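Here are some friendly notes to read beside the model. Please keep the 3D view open and find each residue as you go.

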Amino acid sequence: MNLFAEASRCFALQDPGEKCTAVADLSRSALTGNFRFDDDFPIPDVKQPGRPDRPELLNPSQVPRRRLGSEAGRAALVHAIAHIEFNAINLALDAVCRFRGMPARYYQDWISVAADESRHFRMLEHRLASMGAAYGDFPAHNGLWEMAEKTSDSCLVRMALVPRVLEARGLDVTPGMIERLEQAGDEATVAILKIILAEEVAHVAIGSRWFQFLCSAAGKDPDETFLALLESRCPGMVRGPFNVQARLEAGFSRHELEALDT
């Protein structure tokens, strides 16, 4: 299997169901290690991820707030999380397709993340259906993918700012969402979010592992490099309170967390 060709094919698929199925097949093949690298295979255009025509993408400030006291509000929240998970499938595939010359474990790691995100998306899609809705029914924003575009020139920067900034934010906010949904009596959504939270710790840890690997290869201190990238690329974006235990499990150092909390 030409790993870059297969990952690029998955990346280009627009239909969510077809993409999830293709990613599951790719993951099973990648686990066997029966693949080759063709570094000459074209890198996909980061501005053209495969996605359906809906949902409508708005500026984040234009996306309506979700109130969890109603079924419609909870459906909108589930849709927003499904949109994040769908983008995360493409982000993981892009990390495979775009950055060449990494160890084989790197590619297996990110294909496994894509497979997990596909499973998360399907769980949320089924939950939406049970609420009388579907993916695409609500507007969404494109902030996650905009960061993918901004970090397409460097694997080190991508590992720092996508898993360790945007995805790590989920570690901080998901426990609060779970608590509010429990208060609303939505145990079905709570069960899904608990699965996602546990597995996202491992995904952020994968980002930390390869960020630290790339820093070591470049002779850079990972803590100082991360903090410098935050200041130069996304000042003010990371705010507490933080899920300290989850972030430690995901590969953040205490020095990083202390600096973030100041």
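This is a predicted model: local features need pLDDT of at least 70, side-chain atom pairs count only at pLDDT 80 or more; totals for chains, interfaces and linings use all residues.

1. Begin with the largest pocket, which holds about 1,700 Å³ of space. Its lining is made up of 49 residues. To find the centre of this pocket, look for Arg66, Ile84, His141, Arg169 and Val173, the lining residues that lie nearest to it.

2. Which elements each supply at least two residues of the lining of the largest pocket? They are the helices α3 (71–98), α5 (143–150), α6 (155–183) and α7 (187–218), together with the strand β2 (140–141). The largest share comes from α6, with 11 residues.

3. Now move to the second largest pocket, with about 150 Å³ of space. Its lining includes Leu227, Leu230 and Glu231, and also Cys234, Pro235, Gly236, Met237 and Val238. Ala259, Leu260 and Thr262 belong to this lining too.

4. Two helices, α8 (222–233) and α10 (254–260), each supply at least two residues of the lining of the second largest pocket. Of the elements, α8 gives the most, with 3 residues.

5. How do the residues lining the second largest pocket divide by class? There are 8 nonpolar, 2 polar and 1 charged.

Key:
Residues are numbered from 1 along each chain as its sequence is written. Side-chain values use heavy atoms; hydrogens and water are left out. On a 1 Å grid over the protein atoms alone, a cavity is a set of points where a 1.4 Å probe fits but cannot get out, and a pocket is an open set with protein on both sides within 12 Å along at least five of seven lines; lining residues have an atom within 4 Å of a point. Grid points are joined across faces, edges and corners, and a volume is the space filled by probe spheres set on the points. Helices (H or I, at least four residues) and strands (E, at least two) are DSSP runs, numbered from the N terminus. Ala, Val, Leu, Ile, Met, Phe, Trp, Tyr, Cys and Pro count as nonpolar, Asp, Glu, Lys and Arg as charged, and the others, Gly among them, as polar.
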